[in-house]
Amino acid sequence: MNIDVAAGGNFVFNPPNITAAVGTLVTFYFPGGSIPHSVTQSSFANPCTFLAADPNNSSSVAGFDSGLVLASTFTINITDTQPIWFHCKQQTHCGSGMVGAINAPSDGNNTYADFVKAAVALGSSAPDVSVRFLSFHGIATALPASDTGAASGGSGSSGSSDASRVVAGAGVALFSAAFAMFILA
């Protein structure tokens with residue numbers, strides 16, 4: 001399954017809310033341009049805050065985070081059918097409604113629409129700019145890869161080897177993190 005980040009130059013994920021079975025690889029496609037974006041796991045209760053590990057539970061792991069990147073892909077493997085909530089941590093993006101969900105309930109109090117409302121209610125919360133790759137309910141398959149930034153309508157492959165995509169992705173992630181720190185300093 002594919003999700004376009006900042007689709008059409010807007011602060012959105014497209015599609016913003018999907019259903020994915022266990023074992024599904026969900027790939028996020030980041031555009032080129034001048035504004036880096038992220039896909040950062042959060043919780044329903046805190047839509048614009050990185051999902052940190054529980055300090056009282058030694059087996060708890062932190063959520064996934066692509067880092068702020070341009071012209072990249074980032075893939076997670078769905079490990080169960082629990083809801084996965086995510087946002088863009090770029091300053092003002094989450095508070096503008098740039099959030100998404102995988103396996104969100106379709107009714108009740110914790111729907112995707114409720115998640116969007118909660119994010120927008122926060123407004124311009126400051127993002128967390130560190131890079132993380134573990135997660136709850138989904139596992140990042142590699143560092144962000146810079147093999148493509150094109151829309152996900154095609155195959156999403158440029159013929160690069162997996163090794164070169166990981167190495168290039170690591171460079172892009174480091175550059176993006178340094179760029180974000182420079183901008184925010």
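## The disulfide and its cysteines

Cys94 has a relative accessibility of 4% and therefore counts as buried, the cut-off for that class being under 20%. This is a predicted model. Cys48, with a relative accessible area of 9%, is buried as well. These two residues form a disulfide in which the sulfur atoms are 2.0 Å apart. A disulfide is a covalent bond between the sulfur atoms of two cysteines. The structure holds one such link.

The link of Cys48 and Cys94 is left-handed, with -85 degrees about the S-S bond. It joins distant parts of the chain, 46 residues apart: Cys48 sits in the loop between strand 5 (40-42) and strand 6, and Cys94 in the loop between strand 8 and strand 9. A further cysteine, Cys88, is in no disulfide. For Cys88 the nearest cysteine sulfur is that of Cys94, at 8.3 Å. Cys88 has 1% relative accessibility and so counts as buried.

## Overall layout

The protein chain contains two helices and 11 strands. In sequence order the elements follow the pattern β-β-β-β-β-β-β-β-β-α-β-β-α. Of the 185 residues in the protein chain, 44% are buried.

Among contacts in the protein chain with a separation of 6 or more, 72% are between residues 24 or more positions apart. The chain exposes about 8,400 Å², and carbon and sulfur atoms supply 58% of that area.

## Strand pairing

Strand 1 (residues 2-5) takes part in two pairings described here. With strand 4 (residues 25-29) it runs parallel, and three bridges join the two. In this pairing, Asp4 stands opposite Tyr29 of strand 4. With strand 2 (residues 13-14), strand 1 pairs in the antiparallel sense over two bridges. Here Val5 stands opposite Phe13 in strand 2.

Strand 4 is also joined to strand 7 by five bridges, and these two strands run antiparallel. Val26 stands opposite Ile76 of strand 7 in this arrangement. Five of the six residues of strand 7 are buried, so this strand is largely enclosed by the rest of the structure.

## The salt bridge

The structure holds one salt bridge. It is formed by the side chains of Lys89 and Asp65, at 2.7 Å from N to O. Lys89 lies in the loop between strand 8 (84-87) and strand 9 (99-102), while Asp65 lies in strand 6 (residues 64-65), so the pair ties together parts that are 24 residues apart in sequence.

Lys89 counts as buried because its relative accessibility is 2%, and Asp65 is buried because its relative accessible area is 0%. Buried means under 20%.

## Aromatic pairs

Seven aromatic pairs are found in a search of the whole structure. One of them is the pair of Phe64 and Phe74, whose ring centres are 6.2 Å apart. The planes of these rings make an angle of 45 degrees, and the pair is tilted. Phe64 lies in strand 6 and Phe74 in strand 7 (residues 73-78), so the pair ties together parts that are 10 residues apart in sequence. Phe64 and Phe74 are both buried.

Ala119 lies in helix 1 (residues 112-122). Its relative accessibility is 0%, so Ala119 counts as buried. Leaving aside neighbours within four places in sequence, Ala119 is in contact with Pro47, Cys48, Cys94, Gly95 and Val99.

Terms used: Residues are numbered from 1 along each chain as its sequence is written. This is a predicted model: local features need pLDDT of at least 70, side-chain atom pairs count only at pLDDT 80 or more; totals for chains, interfaces and linings use all residues. Side-chain values use heavy atoms; hydrogens and water are left out. A salt bridge is a side-chain nitrogen of Lys or Arg within 4 Å of a carboxyl oxygen of Asp or Glu. Helices (H or I, at least four residues) and strands (E, at least two) are DSSP runs, numbered from the N terminus. Buried means under 20% relative accessible area, exposed over 50%, partly exposed in between (1.4 Å probe, protein chains only). Rings of Phe, Tyr and Trp (its six-membered ring) pair if their centres lie within 6.5 Å; planes under 30 degrees apart count as stacked, over 60 as edge-to-face and the rest as tilted. A disulfide is a pair of cysteine sulfur atoms within 2.5 Å. Contact means heavy atoms within 4.5 Å. Accessible areas come from the Shrake-Rupley method with a 1.4 Å probe; for residues, only the protein chains shown count as cover. Two strands pair if DSSP finds at least two bridges between them.
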